[in-house]
Amino acid sequence: MFHFSGFNMMFPEGRNFTAAYKCFSVSMLPGNERSDVEKGGKIIMPNSALDTLTRLNVEYPMLFKLINGKKSRSSHAGVLEFVADEGKCYLPYWMMDNLLLEEGDILNIESVSLPVATFSKFQPHSTDFLDITNPKAVLENALRNFACLTKGDVIAIKYNKKVYELCVLETKPGNAVSIIECDMNVEFEAPVGYKEQSESQASGSGQQGAGAGAAGGELAGAANAVLEEVVETFKGSGVRLDGKKKKESQLETPVLKKVLPRGVPDYDFQFGLIRFDRNIRPISDRGNDKAGGSGNADGDDGESFQGTGFSMKKTRK
């Protein structure tokens, strides 16, 4: 406390802001849904924090260190708005997950000054991130909603209605850096599980020739287990509609049909082709429908059809 001309004026000691709030996820924020908060790395604080920060003359942009004392976890974030209820602050869900916070836990917040970032390295948590055509451009667009990065954090970015998680492996020149208005070099590590998949494919191709008696042998045995079944054709003599005798090349020959044993897939199946297997009654069981027809199986006369024909076109009288 200082005295100036009979007035008592109090100046706060130090320039660091420290406060403790009950933290909640953005989904608990009253009012309309704030999906924009989930997309970035900024928090929402109460209005009283803004009054204290303005009196302290803190450096801009305002950056804060978030500390979970119970779990000994810490991270860094910027501030988006000062519209929270008194005694509360709201965080993105991925940030609460990093700090091991539950709804209503006490979170200590301190104002800090971080160096400007020059380099950062990320590792995606899923190989789906490789499907993005230009991952650096997607990451650059997503980091516009972030104020700082902390080594070891797992940030979440949204692209094409899908959330991708990336681990911050390295940041320079410090373990926590500010990324506001900076030129930062970005590198990507291979996604989690990518090396394991490549190694498994290489080992699988190397063991294919040596272990043919195992899984490869089962597939080979199933492919070679094709049975040939002789399908009998029509046993009757049959006649030609023009009355002529059949040639020797038109005589019936046995037909071989490939039948797969039960449980073996059809490897020659064509995608998009549907086969309808119908049970057709054999011709020999139909009997003679009408006398004078051509269905006489024992007839060897080779005569043509002897019925009367009709014209579908009516003649004018």
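**View 1. Strand β10 gives the most to the lining of the largest cavity, with three residues.** This is a predicted model, where local features need pLDDT of at least 70 and side-chain atom pairs count only at pLDDT 80 or more, while totals for chains, interfaces and linings use all residues. Residues are numbered from 1 along each chain as its sequence is written, and side-chain values use heavy atoms, with hydrogens and water left out. Helices (H or I, at least four residues) and strands (E, at least two) are DSSP runs, numbered from the N terminus. A cavity here is a set of points, on a 1 Å grid over the protein atoms alone, where a 1.4 Å probe fits but cannot get out; lining residues have an atom within 4 Å of a point. The count comes to one cavity of 30 Å³ or more, and about 40 Å³ of space lies in the largest cavity, the volume being the space filled by probe spheres set on the points, which are joined across faces, edges and corners. The lining takes in S75, H76, W94, M95, C148, L149, T150, D153 and I155. At least two residues each come from β6 (73–84), α3 (93–98) and β10 (148–150).

**View 2. L66 sits in the largest nonpolar core.** Such a core is a set of buried Ala, Val, Leu, Ile, Met, Phe, Trp, Tyr and Cys residues joined through side-chain atoms within 4.5 Å; buried means under 20% relative accessible area, exposed over 50%, and partly exposed in between (1.4 Å probe, protein chains only). This core has 45 residues, and those with the most contacts inside it are F17, M45, L66, L91 and I109. Leaving aside residues up to four places away in sequence, L66 touches (heavy atoms within 4.5 Å) I43, R73, S74, S75, A77, L91, M95, L99, L107, N108 and I109. A second, separate core has seven residues, among them L29, V37, I44 and Y90.

View 3. Two strands count as paired if DSSP finds at least two bridges between them. Strand β3 (residues 18–25) runs antiparallel to β8 over five bridges, with A19 partnering I109. Strand β5 (residues 63–68) is also antiparallel to β8, again with five bridges, and there L66 stands opposite I109.

**View 4. Four strands make an open sheet in the order β11-β12-β9-β14.** Pairing is mixed, and the edge strands, β11 (154–159) and β14 (185–188), each pair on one side only. From one strand to the next the twist averages 35°. Strand β9 (residues 119–124) joins β14 in parallel through four bridges, and S120 faces V186 across the pair. Helix α4 (residues 135–142) lies across β9, β11 and β14, at about 125° to β14 (axes are lines fitted to C-alpha atoms, for helices over the stretch in contact, with angles from 0 to 180 degrees between N-to-C directions).

View 5. The Y60 to P61 peptide bond is cis, with omega near 0°; P61 is in the loop between α2 (47–56) and β5. K172 to P173 is cis too, with omega near 10°, in the loop between β12 (162–172) and β13 (176–178). S72, not a glycine, has a positive phi of about 55°, and is exposed at 67% relative accessible area.

Technical notes. 1 Å grid on protein atoms, 1.4 Å probe; cavity = no way out; pocket = protein on both sides within 12 Å on 5 of 7 lines; lining within 4 Å.
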